[in-house]
Amino acid sequence: MFKIKSTFLSIITLFMVTEMVFAQDVTLSFGVVNEDAGTMEILIENSEDVYGFQFEVSGINITSAAAGEVIPGDWMLSASGSLVLGFSLMGTSFPAGSGILVNLTYEATGEYSCIEGGVVS
């Protein structure tokens, strides 16, 4: 019985250490939102370099998206419906830090908006 508990604790410890070593802390949030003009900023705070991202914003239909201050000039940015996608074909990244990720122009489709399904690599 002790061997099973010991093995189980070793596996749990391994998962916890692996998660701490490979975890990337990223926060996506709303910046300035102007409901009358239909514009909003999406902010990022990241602890590691970012090579790409994807997320959805519920409650809106995105009509255009422009790169924010943290996105390098060679990145591709695509936005359609409620989905935003950004990456570089050259493999460039932007460093750890914080700032405006994207500026969105939108039409409201719901009463509230939420950033959902964020994937950052």
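Author: Ala, Val, Leu, Ile, Met, Phe, Trp, Tyr, Cys and Pro count as nonpolar, Asp, Glu, Lys and Arg as charged, and the others, Gly among them, as polar. The structure discussed here is a predicted model.

Reader: How do the residues of the lining of the largest pocket divide into nonpolar, polar and charged?
Author: The largest pocket holds about 200 Å³ of space. Its lining is made up of 13 residues, and those nearest its centre are Val33, Glu35, Tyr106, Ala108 and Ser113. By class, the residues of this lining are 7 nonpolar, 3 polar and 3 charged.

Reader: Which element gives the most to the lining of the largest pocket?
Author: The elements that give two or more residues to the lining of the largest pocket are S1 and S7. With 3 residues, the element that gives the most is S7.

Reader: In what order do the strands of the open sheet that contains S7 stand?
Author: This open sheet has 4 strands, paired in the antiparallel sense. Strand S1 (26-34) and strand S4 (60-67) pair on one side only, which makes them the edge strands. From one strand to the next, the twist averages 30°. The order is S1-S2-S7-S4.

Reader: Which residue in S7 stands opposite isoleucine 60?
Author: S4 and S7 run antiparallel and are joined by 7 bridges. Within this pairing, the residue opposite isoleucine 60 is alanine 108.

Reader: What is the order of the open sheet that includes S5?
Author: The pairing in this sheet of 4 strands is antiparallel. S5 and strand S8 (114-120) are the edge strands, each pairing on one side only. The average twist from one strand to the next is 10°. The strands follow the order S5-S6-S3-S8.

Reader: Which residue in S8 stands opposite glutamate 56?
Author: S3 and S8 pair over 5 bridges in the antiparallel sense. Opposite glutamate 56 stands glutamate 116.

Reader: Are the rings of phenylalanine 53 and tryptophan 75 stacked or edge-to-face?
Author: A search of the whole structure finds 3 aromatic pairs. In the pair of phenylalanine 53 and tryptophan 75, the ring centres are 6.0 Å apart and the planes lie at 25°. Planes under 30 degrees apart meet the cut-off, so this pair is stacked.

Reader: How many residues apart in sequence are the parts that the pair of phenylalanine 53 and tryptophan 75 ties together?
Author: Phenylalanine 53 is buried, as is tryptophan 75. Phenylalanine 53 belongs to strand S3 (residues 52-58) and tryptophan 75 to strand S5 (residues 75-80), so the parts tied together are apart in sequence by 22 residues.

Reader: Where does phenylalanine 94, which pairs with tryptophan 75, lie?
Author: Tryptophan 75 and phenylalanine 94 form a tilted pair, at 5.4 Å centre to centre with 50° between the planes. Both tryptophan 75 and phenylalanine 94 are buried. This pair ties together parts that are 19 residues apart in sequence, because tryptophan 75 lies in strand S5 and phenylalanine 94 in the loop between strand S6 (83-88) and strand S7 (97-108).

Reader: Which residues form the one aromatic cluster?
Author: Tryptophan 75 pairs with phenylalanine 53 and with phenylalanine 94. The cluster consists of Phe53, Phe55, Trp75 and Phe94.

Reader: How does proline 72 count by relative accessibility?
Author: Proline 72 is found in the loop between S4 and S5. Proline 72 and serine 88, 16 residues apart in sequence, are 8.5 Å apart in space, C-alpha to C-alpha. Buried means under 20% and exposed over 50%; at 22%, proline 72 therefore counts as partly exposed.

Terms used:
Residues numbered from 1 in each chain as written. Predicted model: local features only at pLDDT ≥ 70, side-chain atom pairs only at ≥ 80, totals over all residues. Heavy atoms only, no water. Phe/Tyr/Trp six-rings, centres within 6.5 Å; stacked < 30°, edge-to-face > 60°. Buried < 20%, exposed > 50% of the residue type's maximum accessible area, 1.4 Å probe, protein only. Pairing = 2+ DSSP bridges. Axes fitted to C-alpha atoms, helices over the stretch in contact; angles between N-to-C directions. 1 Å grid on protein atoms, 1.4 Å probe; cavity = no way out; pocket = protein on both sides within 12 Å on 5 of 7 lines; lining within 4 Å. Points joined across faces, edges and corners; volume = space filled by probe spheres on them.
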